[in-house]
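Please read the following report alongside the sequence and the coordinates.

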Amino acid sequence: MDTPARTQSTRLDPYVDRYAARTAGMTASEIRALFAVASRPEVVSLAGGMPNISGLPLDVVGEAISGLLRDNGPMALQYSSGQGEPELREQITEVMRLEGINAHPDDVVVTVGSQQAVDLVTRVFCDPGDVVICEAPSYVGALGVFKAYQCDVVHAEVDADGLVPEALRQAIAAVKAAGKRIKFLYTIPNFHNPAGVTMTAERRLEVIDICRREGVLVLEDNPYGLLGFDQEPMRAIRADAPDGVIYLGSFSKTFSPGMRVGWALAPHSVREKLVLAQESATLCPPTFNQFAVSAYLREHDWQGQIKQMREMYRERRDAMNEALHDLMPASCEWNVPAGGFFVWLKLPPGVDAKGMLPRAVTARVAYVPGTAFFADGFGTGYMRLSFCYPTPERIREGVRRLAGVLEAEMELRETFGASAPPRRIGGGYDGPTSDLT
Ligand SMILES: Cc1ncc(COP(=O)(O)O)c(C=O)c1O
């Protein structure tokens with residue numbers, strides 16, 4: 001049989017007047033095309049947040065998977081519960097105990113990565129026009145979900161100690177004064193994506209107190225919490241506010257993102273709604289993957305594996321920090337993250353990270369411009385640099401190239417005054433791409 005010709009993406013879309021209004025919020029990223037170039041081997045990508053799984057014991061994983069098929073194949077290859085496999089939910093409660101959470105497996109819902117958990121929670125809570133308070137900046141993939149459900153995102157600032165309580169108070173007051181409904185606060189307390197910061201223990205309690213007083217539910221998204229470089233895991237917000245928090249976790253960063261196994265821990269009534277939403281979305285999360293993650297946790301020293309990952313990421317964080325110190329113009333500022341994958345870099349005044357990106361990619365280095373992490377067009381003077389994937393040598397080389405591009409940009413600005421970029425791509429949120437995890 002002949003293969004049908006590939007449809008040209010330039011053709012007019014015959015369905016253009018039939019899509020639901022919510023698809024207007026599902027915009028393709030203007031920088032997606034650049035990321036296609038950025039994935040070429042000659043480009044050092046400091047853009048994508050891909051976990052570095054090169055250290056995973058593939059033989060152990062392979063053994064666990066073949067044992068699973070041998071001993072439990074018919075079950076592992078079958079539909080299963082919409083809430084997720086009981087053994088895995090039990091194991092998830094053990095993982096969460098490392099962060100002070102004492103939960104019952106009944107209150108856990110297994111999801112297709114924590115990304116799906118953000119989607120299900122938003123689906124269950126948000127009508128168009130409802131407000132979600134997000135940190136400024138916030139995770140691009142969550143902003144994409146909120147936009148797809150036509151929520152209004154209101155940002156509250158973060159500083160080196162995480163979400164600023166006074167900014168949260170002000171955001172809540174402003175939304176209430178405008179007569180709108182806040183459905184939840186979305187926060188990433190540990191090793192924030194993209195800001196790299198961690199909320200202090202005092203601030204966590206203050207955030208709980210504010211949200212309790214104001215009747216605001218907290219959505220605590222915590223994929224990086226076990227990846228601290230020099231510290232034991234911090235106590236989760238959920239640990240001190242079981243009734244006011246939906247907690248999201250994931251095996252993507254501590255085992256394998258390809259497994260697509262994450263979870264939500266929610267107050268009982270919410271959990272029931274999430275299971276119904278999960279059933280309507282997927283019937284059940286992938287049974288096979290759940291069994292595989294379960295076997296990995298059961299048969300492997302997963303905590304030892306995480307320790308190795310922390311050391312590997314720490315080495316990369318140090319390489320990036322050193323390279324930034326040695327090579328970047330003095331007027332740049334950045335934080336030194338205590339865990340996770342990301343450095344948030346503030347550019348010299350007037351430099352536009354998005355405008356500069358094509359020139360950076362030409363110089364064979366990529367990053368994510370700050371505007372991707374705001375719903376309101378802010379962030380032109382910032383960029384996210386990830387150190388998780390490239391080797392320390394490649395990180396240094398990437399920073400060297402980036403410093404060269406930045407210096408050329410600054411020289412241009414000095415010579416010609418204002419906007420060096422030949423084309424100012426409009427600000428605002430970009431929509432998620434696979435490079436923007
Ligand atoms: C803050 C945050 N939340 C959620 C996710 C989604 O992770 P996954 O769906 O792989 O669990 C990511 C991925 O990068 C993330 O950084």
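Predicted model: local features only at pLDDT ≥ 70, side-chain atom pairs only at ≥ 80, totals over all residues.

Residues are numbered from 1 along each chain as its sequence is written.

Helices (H or I, at least four residues) and strands (E, at least two) are DSSP runs numbered from the N terminus. Axes are lines fitted to C-alpha atoms, for helices over the stretch in contact, and angles run from 0 to 180 degrees between N-to-C directions. The table sets out the two pairs.

| Helices | Angle | Axis distance |
|---|---|---|
| α4 (residues 113-125) and α5 (residues 140-148) | roughly 30° | within 10 Å |
| α11 (residues 353-362) and α12 (residues 392-416) | about 130° | 10 Å |

The axes of α4 and α5 cross at roughly 30°, which makes α4 roughly parallel to α5; angles under 35 degrees count as roughly parallel, over 145 as roughly antiparallel, 65 to 115 as roughly perpendicular and the rest as oblique. Gln 115, Val 118, Asp 119 and Thr 122 of α4 form the contact with Gly 141, Ala 142, Val 145 and Phe 146 of α5, two residues being in contact if their C-beta atoms, placed from the backbone, lie within 7 Å. By class, this contact of α4 with α5 holds 4 nonpolar, 3 polar and 1 charged residues, where Ala, Val, Leu, Ile, Met, Phe, Trp, Tyr, Cys and Pro count as nonpolar, Asp, Glu, Lys and Arg as charged, and the others, Gly among them, as polar.

Helices α11 and α12 pack at about 130°, so α11 is oblique to α12. Here Met 356, Arg 359 and Ala 360 of α11 meet Leu 402, Val 405 and Glu 409 of α12, and the residues of this contact of α11 with α12 divide into 4 nonpolar, no polar and 2 charged.

Ile 133 lies in strand β3 (residues 131-136) and is buried, with 28 other C-beta atoms within 10 Å; a residue is buried if 20 or more such atoms lie within 10 Å of its own, exposed if 12 or fewer, and partly exposed in between. Its C-alpha atom is separated by 5.8 Å from that of Val 153, 20 residues apart along the chain. Leaving aside residues up to four places away in sequence, Ile 133 touches Val 154, Ala 156, Leu 168, Ala 171, Ile 172, Ile 182 and Leu 185.

In helix α10, the buried residues include Met 309, Tyr 313, Arg 316 and Arg 317, and their cover includes β11 (342-346), β14 (382-386) and α12.
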